[in-house]
Amino acid sequence: MSTSAMPESGLPAPQEPPSVRPRMSPRSILLWATVALLGAVAWGVLALARGEKISAVWLVVAALGSYAIAYRFYSRFIARRVLKPDDRRATPAERLEDGVDFQPTDRRVLLGHHFAAIAGAGPLVGPVLAAQMGYLPGTLWIVAGVIFAGAVQDMVVLFLSMRRNGTSLGQMARDEIGRAGGAAALIAVFAIMIILLGVLALVVVNALAHSPWGTFSVAMTIPIALFMGFWMHRIRPGRVVETSFIGVALLLLAIAGGSWIQNSSLAGTFTLSPTTLVFCLIGYGFVASVLPVWMLLAPRDYLSTFMKIGTIALLAVGVVVAAPVLQADAVTKFASSGAGPVFAGSLFPFLFITIACGALSGFHALVASGTTPKLIAKESQVRLIGYGAMLMESFVAIMALIAAATLEPGLYYAMNAPAGLLGATAESASHAVAGLGFTITPDQLTQAAKAVEEQTLIARSGGAPTLAVGMSEIFSGVFGGTAMKAFWYHFAIMFEALFILTTVDAGTRVGRFMLQDMLGNVWKPVGRVNWKPGIWLCSALVVAAWGYFLYTGATDPLGGINQLFPLFGIANQLLAAIALTVCTTILIKSGRLRFAWVTGIPLAWVVVVTFTAGWQKIFSDDPKVGFFTQRTRYADAIDAGQVLPPAKTVDDMHTVVTNSTVDGVLISLFLLLVAVVIVNATVVCVRAIRSSSPLPTTEAPYIESRIDVPEQVAEPLAGARS
C-alpha cells in the first residue's frame with residue numbers, strides 16, 4: 001500500500017515529487033514580472049506620498065497585484081507543500097451524500113456560496129470606520145492580513161474540516177486538543193457565533209426597515225434561488241451556465257422592480273417595520289437551515305455573488321475611469337491619539353479589531369468548517385474556494401475603504417461622529433466638525449442629504465450610509481451624473497443588505513451543525529446530521545438564540561444585541577485565534593512541525609492584538625475604551641443626578657451601567673476561554689514534538705473517489721505548469 005493511499009496522521013502522507021519539475025515559460029515569467037512591477041510601483045506611490053493628494057487607482061493596482069502574486073505563489077506553496085490535497089480521495093460530499101447537507105457541488109456554485117457566506121458586514125463597514133485613521137494603515141492591514149493570515153486560515157480550516165467529515169471548528173478543537181481546551185472552545189465558539197449572527201441580522205434590519213425597494217429586491221432572491229436549485233438538480237441537471245444566465249436576468253429584473261415598487265401603490269406592502277423584519281429573518285433563517293442545501297442556500301448565495309461581485313467590479317471600473325482623489329490623509333492624527341470621534345482607541349490594536357472580515361475573520365472559520373466542507377467535490381478545489389474567496393472579500397474591503405476615503409473629510413465626520421457631539425442641526429454639526437479640524441458648511445450638509453434624497457446625513461454612524469454615499473459619488477461620476485446620485489445611494493443600501501443577509505442564513509446553518517456536534521457528545525442521535533428531529537431542534541434553538549437578541553435590540557436602542565455590539569470586533573478575532581490554534585496543533589501533531597509557521601505566525605499576531613485590545617477594554621482608564629471605567633462614570637453620574645449621552649433618561653443610565661458590566665464580564669470570560677484553549681494546545685504540541693511518531697488524529701480513513709468532475713480550476717499539485 002502506498003503512503004499516499006492510507007495516511008495515518010492528520011494530513012496526507014508526503015508524496016514523492018516528480019523527478020523533473022516543469023519550469024516557468026518565458027511568457028509566464030514576463031507576465032508575473034509585469035504584475036510584480038505594477039504592484040511595486042503602486043505601493044511605492046502610496047508609501048512616498050507626503051501631503052499631496054493621490055488617485056484611488058493606485059490602491060486598486062497595489063491590491064490586485066498583491067492578490068495575484070499571493071494566489072499564484074503563496075497559496076500554491078501551502079497547497080503543494082503543507083496540505084497536499086489528493087483528488088483520488090473521496091470527500092465527505094461524495095462519501096456521505098444525503099441530499100440535505102452533503103452534496104458534491106459544482107466548484108463555481110460552491111465558490112459563489114462560500115464567498116457569499118463569508119462576505120458579510122465586515123468588509124463593508126469595518127474599512128469605512130477605520131478610515132478615521134487614514135487610508136494607508138487600513139490598506140496595509142487589509143492586503144497583508146489577507147495574504148498571510150485571513151486566506152491562510154480559511155484555506156487550512158476548510159481542508160482540515162473536509163478531512164474530518166465536515167466537523168465544526170469547536171468539535172475539531174475538542175477532538176484534537178483535548179477535553180479541557182475543547183470544552184472551552186465549544187463554549188466560546190458557540191457564544192461568539194450567536195453574538196456575530198445577532199449583530200449581522202441587526203444590520204440587515206436597519207438597512208431594510210421602511211425601504212420597499214430593498215425589501216422587495218432581497219425578498220425576490222428567495223423564489224429565484226428556489227427556481228435555480230430545482231432547475232440545476234431536477235429539470236436540467238448540471239447546466240450551471242444556463243442556470244446562471246437565467247438567475248442573473250431574474251435578479252436584474254428584481255432590482256429594477258424594486259425601484260418601480262418604491263414609487264408605486266405597492267410600496268406600503270413592502271414597507272416593513274424593524275419588528276416585522278425581525279420575525280421575517282427568524283423564519284427565513286430556520287427554513288434556510290433545514291431545507292436541503294441544494295434547494296435554497298447554495299443557489300441563493302451563488303445568485304447573490306453575481307450581484308456582489310458585479311457591483312464591486314463596477315465600482316472598481318468607476319474608480320479606474322473617474323480616478324477619484326483620496327481626500328483622507330494617509331495617516332491621520334487620530335491614529336496615534338486614540339481620541340477619534342468614530343471609535344476610541346489607538347491604531348494598535350484597534351485598527352486590527354475594527355477591520356476584520358477584509359483581512360482576518362474568525363467567522364470565516366465557522367463557514368469553512370460548516371457548510372462548505374460538506375459540498376466540495378474534489379480536494380484540489382480547497383485552494384480556489386478557501387484562499388481565492390477570501391482574496392475576493394479583501395478586495396471588497398479595499399473598495400469600501402476607497403469609497404470612504406474619497407469623501408470630503410468634513411462630510412465623513414459629520415456622518416460618523418456621535419449624535420451627542422454633532423447635535424441635531426446642520427449648523428451644530430458644522431461647528432462640531434470644525435472643532436475636529438475639518439470644514440463643512442451647513443449648506444453643504446443639506447445639499448449632500450438632498451442629493452441622495454435623505455432628510456439628513458448627520459450622525460448616520462455604523463459605516464453603511466457612509467459607504468452608500470461614497471459609492472454613489474463614484475458611480476454617478478461615471479454613470480448618469482449628479483442626477484443619478486439618489487438612485488445609486490439607494491441601490492448601495494439594498495446591495496449592503498443583500499450582502500449581509502447571505503451571511504446570516506449560512507451562519508444559522510453553521511450554528512445548527514455546531515450545536516449538533518456539541519449535543520452529540522451527550523446524546524449520539526442528535527449529532528447525526530441526517531436525523532430530522534435533531535436538525536429541526538438545533539435549528540430552532542440557534543434562531544431562537546440570535547432572534548431573541550435581535551428582537552430586543554430592534555425594540556430597545558440600548559438593549560438586546562445593541563448591548564453586545566461593542567464585543568463584535570474582539571469576539572470575531574478571538575474566533576480566529578481559536579481557529580489558528582486548532583490548525584497549528586493539527587499541523588504539529590501530524591508531523592508537519594517545519595510548516596507550522598504558516599498558521600503559527602498569524603496566530604501569534606492575532607493573540608497579541610486581541611489580548612491587548614481585551615486588556616484595554618477591561619482595564620483602561622478612558623471611559624470611551626474601558627468597560628468598567630465607563631460603568632463607574634455612569635454610576636457616579638446617577639448618584640449625582642446627571643444624565644450622560646447616549647442615555648436620555650435615568651432608566652437609560654442604569655441600562656448603560658448594566659451593559660458596561662455585562663460587556664466587561666463577557667470579554668473577560670472570552671479571553672479566559674481562549675487562553676485555556678491555547679494552553680491546552682501548547683501542551684499537546686509539546687507532547688507531539690517529543691513523540692517519536694505522529695500523534696493520532698480524527699482524520700477520516702482514506703476511501704477512493706468514484707466520481708469524476710470536469711477539469712479543475714485549481715491546477716494539479718504535482719508538476720503543474722505555470
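Asn165 counts as partly exposed because its relative accessibility is 31%, where partly exposed denotes the range between buried, under 20% relative accessible area, and exposed, over 50% (1.4 Å probe, protein chains only). Asn165 also has a positive phi of about 60 degrees although it is not a glycine, and it is found in the loop between helix H6 (135-162) and helix H7 (169-177). The model is predicted, so that local features need pLDDT of at least 70 and side-chain atom pairs count only at pLDDT 80 or more, whereas totals for chains, interfaces and linings use all residues. Residues are numbered from 1 along each chain as its sequence is written, and side-chain values use heavy atoms, with hydrogens and water left out.

A positive phi, of about 55 degrees, is likewise found at Lys84, which is not a glycine. Lys84 is placed in the loop between helix H2 (57-83) and helix H3 (92-95), and it counts as buried because its relative accessibility is 13%. Helices here are DSSP runs of H or I with at least four residues, numbered from the N terminus.

Two cis peptide bonds can also be described. One joins Phe348 and Pro349, with omega about 10 degrees, and Pro349 lies in helix H14 (residues 347-354). Another joins Pro645 and Pro646, again with omega about 10 degrees, and Pro646 is found in the loop between helix H28 (627-639) and helix H29 (650-690).

Helix H4 (residues 107-118) packs with helix H16 (residues 381-405) at an angle of about 45 degrees, the two axes lying 9 Å apart; axes are lines fitted to C-alpha atoms over the stretch in contact, and angles run from 0 to 180 degrees between N-to-C directions. H4 and H16 are therefore oblique to each other, a term for angles that are not under 35 degrees (roughly parallel), over 145 (roughly antiparallel) or 65 to 115 (roughly perpendicular). In the contact, defined by heavy atoms within 4.5 Å, Arg107, Leu110, Leu111, His114, Phe115 and Ile118 of H4 meet residues of H16 that include Leu384, Ile385, Met390 and Val396.

Helix H4 itself has 12 residues and spans 16 Å from its first C-alpha to its last, close to the 16 Å expected at 1.5 Å a residue, the expected span being 1.5 Å times one less than the number of residues. H4 is mostly covered, with 11 of its 12 residues buried; among them are Arg107, His113, His114 and Phe115.

How values were computed
Helix = DSSP H or I, 4+ residues; strand = E, 2+ residues; numbered from the N terminus.
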